[in-house]
Amino acid sequence: MTIVIVDYGMGNLFSIYNALDHVGGNPRFARDPQDLKGAKAIVVPGVGAFGSCMAQLSRFSESLLQHFQEGVLMLGICVGMQVLFEESEESPGAAGLGWISGRVVRLPAGVMIPQMGWNCLKIKQHVEMLDGISEGDMFYFVHSYYGLPEDDSVVAATTEHGVDVTAAICRDNLFATQFHPEKSGPKGLQILKNFVRAARC
Amino acid sequence: MLARRIIPCLDCDLGVPGGRVVKGIEFKQIRYAGIPWELAGQYYQDGADEIVFLDITASADRRETMTGVIKETSRSVFVPLAVGGGISSLDQAREVFNAGADKITLNTSALKRPELIEEIAEQYGNQAVVLAIDAKRRYSLEESREIVQTDDGPCWFECSYYGGRQFTGIDALAWARRAVSLGAGEILLTSMDRDGTYDGFDIPLTDAVARRVNVPVIASGGCASPDHMLEVFNQTDASAALAASIFHFGEWSIGQVKSYLKDRGVNVRI
C-alpha cells in the first residue's frame with residue numbers, strides 16, 4: 001500500500017504527513033507527476049489561493065486524472081477540494097481540474113470571513129470515509145470560498161456558516177473535505193484512518 | 001455555527017536545552033510549568049482547540065530550539081499550532097511554518113514595521129497571521145484616543161511591546177483595526193492589567209476590539225476559572241479564550257472547563 005501526498009511546492013505539508021503517519025498510513029511525497037506511479041491512494045492538499053494553487057498543480061493534472069479514472073483512491077483537502085471544481089470566484093479565468101461540475105463561490109457577506117475555527121457537520125450521506133463520524137461532530141475549517149456542485153448528490157456533508165457550506169464531497173473513488181482532517185483532533189484522524197483502511201483494500 | 005475555542009498558552013523559556021514552559025504574573029515573576037511538547041500533548045488529549053507557544057526569551061539563537069519544540073509537538077498534536085515571540089522577518093516566519101506551525105503571532109516586530117503583516121499574509125494567507133496586542137488601560141484621557149467606558153471610569157488602551165517592558169504610545173483599538181486592514185487574520189488580545197491577576201478578562205477591552213474588527217478575537221489575561229470564560233463569551237463576541245496558569249497548575253483541565261461552559265449554553269467542541 002502506498003499513500004502519496006502531492007507536493008506541488010505550495011508550502012507546509014508536515015501536518016498532513018504527520019497525521020497520516022500517525023494513523024499508520026506511511027505516506028510519501030510526490031514532487032513530480034511520475035512519482036504518482038504505483039500509488040494506491042493520493043492526497044491532494046491545498047494551500048494558498050485557487051489560481052496560484054492550480055498554476056502549480058496543473059503539471060500533475062493529466063497524471064491525477066489518469067489515476068482517478070483507474071480507480072485510485074483520492075483525498076482532496078481544503079483548496080485541494082476546491083480545485084476539483086471547474087472554476088472559482090477567487091481566481092476568475094483560472095480553470096480547475098473540473099472533475100466535479102460546478103464552481104467555487106465566496107462565503108456570503110455578513111459572516112466572518114475567513115471562516116476560521118471548529119464547526120459541526122451535517123451528514124448527508126453515510127459514506128465509508130465518514131465511518132465513526134456522527135452528526136454534530138466538529139472539524140477545523142479555514143476558508144473564504146466553498147464548492148457548489150451542480151449535482152448535489154455528490155455532497156457527503158455540509159456545515160452552516162451563514163449558508164449551508166459544502167464540507168465534504170464524495171464521487172466514486174474520490175473523497176474531499178473543505179475542513180482540515182489533519183488539524184481536527186481525534187475525529188479528523190478517524191477520517192484519515194478510514195482513508196488508510198480503504199487504501200489497503 | 002463556529003464553536004468558541006479554548007486555547008492553552010505555553011510561554012516557553014528556551015534558555016534551557018529543549019525549552020521549558022513558564023508562567024509569569026503581571027509580566028514579571030516566573031513559575032516553572034513543564035516540558036513544552038509534553039504539556040501540549042496533554043492539552044491536546046484534554047480537548048484543546050488550538051495551542052499557542054510564545055517564546056518569551058525571543059532571541060535569535062534560540063529560534064532553533066523553538067522549531068524543535070514545534071516539530072516534536074506536531075508529530076502527535078493534531079490541532080492548529082500558533083507560534084510567537086521574536087519573529088521579525090518573513091524568513092524567520094518561514095522557519096516556523098516549515099517546522100509545522102499553522103499560524104504565527106506578531107507583536108513587537110509588527111509595531112515597529114507594520115508591513116511585516118502584509119508580507120507574511122501575502123505569502124501564507126491572512127489566517128496564518130495573528131496580531132498579538134498587549135494593552136494597558138490609561139485613565140489620563142487625551143485627544144484623538146479611542147475612549148472606552150469601564151467600571152473604573154473612561155480610559156484608552158496603550159499598546160506595549162518587548163514583552164510588556166516598553167510602551168509605544170499607540171492606541172490599541174486603532175492599531176487592531178489597522179493591523180486587520182494590513183492582513184492580520186486574528187487578534188490575540190492580552191490585558192496587561194489582568195494578566196496573571198486571576199481577576200478575569202478585561203471585558204470592556206475585549207468587547208471594544210471585537211466590535212471594531214471582523215476577524216476572530218482571542219481574549220487573554222486574567223483567566224482563573226471557567227466562570228471568567230463564561231463571562232467573556234456571554235458579554236463579548238470573543239471567538240476564543242486563552243489561559244495558561246489554570247491549566248498548567250492543574251486547577252482545571254480543559255475538558256472540565258468545556259463541560260462547564262457547555263452546561264451553561266456556550267457552543268464548545270466536546
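**Figure 1. Contact between helix 6 and helix 7 of chain B in the predicted model.** Leu173(B), Ala176(B) and Arg177(B) of helix 6 meet Ala208(B), Val209(B) and Arg212(B) of helix 7. By residue class, this contact comprises 4 nonpolar and 2 charged residues, with no polar ones. Helix 6 covers residues 172–182 of chain B and helix 7 covers residues 203–212 of that chain. Their axes come within 9 Å and cross at roughly 35°. The crossing of these two helices of chain B is right-handed.

Figure 2. The side chain of His67(A) reaches the backbone oxygen of Ser63(A) at a distance of 2.7 Å. When residues up to four places away in sequence are not counted, His67(A) touches Leu36(A), Lys37(A), Ile42(A), Val72(A) and Asn173(A).

**Figure 3. Gly98(A) in the loop between strand 5 and strand 6 of chain A.** Strand 5 comprises residues 87–88 and strand 6 comprises residues 102–106, with Gly98(A) placed in the loop between them. Gly98(A) has a relative accessible area of 34% and is therefore partly exposed, a class that lies between the limits of 20% and 50%. The C-alpha atoms of Gly98(A) and Leu84(A) are 5.4 Å apart in space, although the two residues are separated by 14 residues in sequence. With neighbours within four places in sequence left aside, the contacts of Gly98(A) are with Val83(A), Leu84(A), Phe85(A) and Glu86(A).

Figure 4. The secondary structure of chain A consists of 5 helices and 13 strands. Its radius of gyration is 15 Å, close to the 17 Å that the globule rule gives for 201 residues, so chain A is as compact as a globular protein of that length. The C-alpha trace of chain A spans about 45 × 40 × 30 Å along its principal axes. Among contacts in chain A between residues at least 6 apart in sequence, 69% join residues at least 24 apart.

Definitions and conventions:
Residues numbered from 1 in each chain as written. Chains lettered and ligands numbered in written order. Predicted model: local features only at pLDDT ≥ 70, side-chain atom pairs only at ≥ 80, totals over all residues. Heavy atoms only, no water. Axes fitted to C-alpha atoms, helices over the stretch in contact; angles between N-to-C directions. Helix = DSSP H or I, 4+ residues; strand = E, 2+ residues; numbered from the N terminus. Left-handed = near helix turned anticlockwise from the far one by under 90°. Contact = heavy atoms within 4.5 Å. Nonpolar A, V, L, I, M, F, W, Y, C, P; charged D, E, K, R; others polar. Polar contact = N/O pair within 3.5 Å; in protein donor to acceptor, adjacent residues only side chain to side chain. Rg over C-alpha atoms; globule rule 2.2 N^0.38 Å. Buried < 20%, exposed > 50% of the residue type's maximum accessible area, 1.4 Å probe, protein only.
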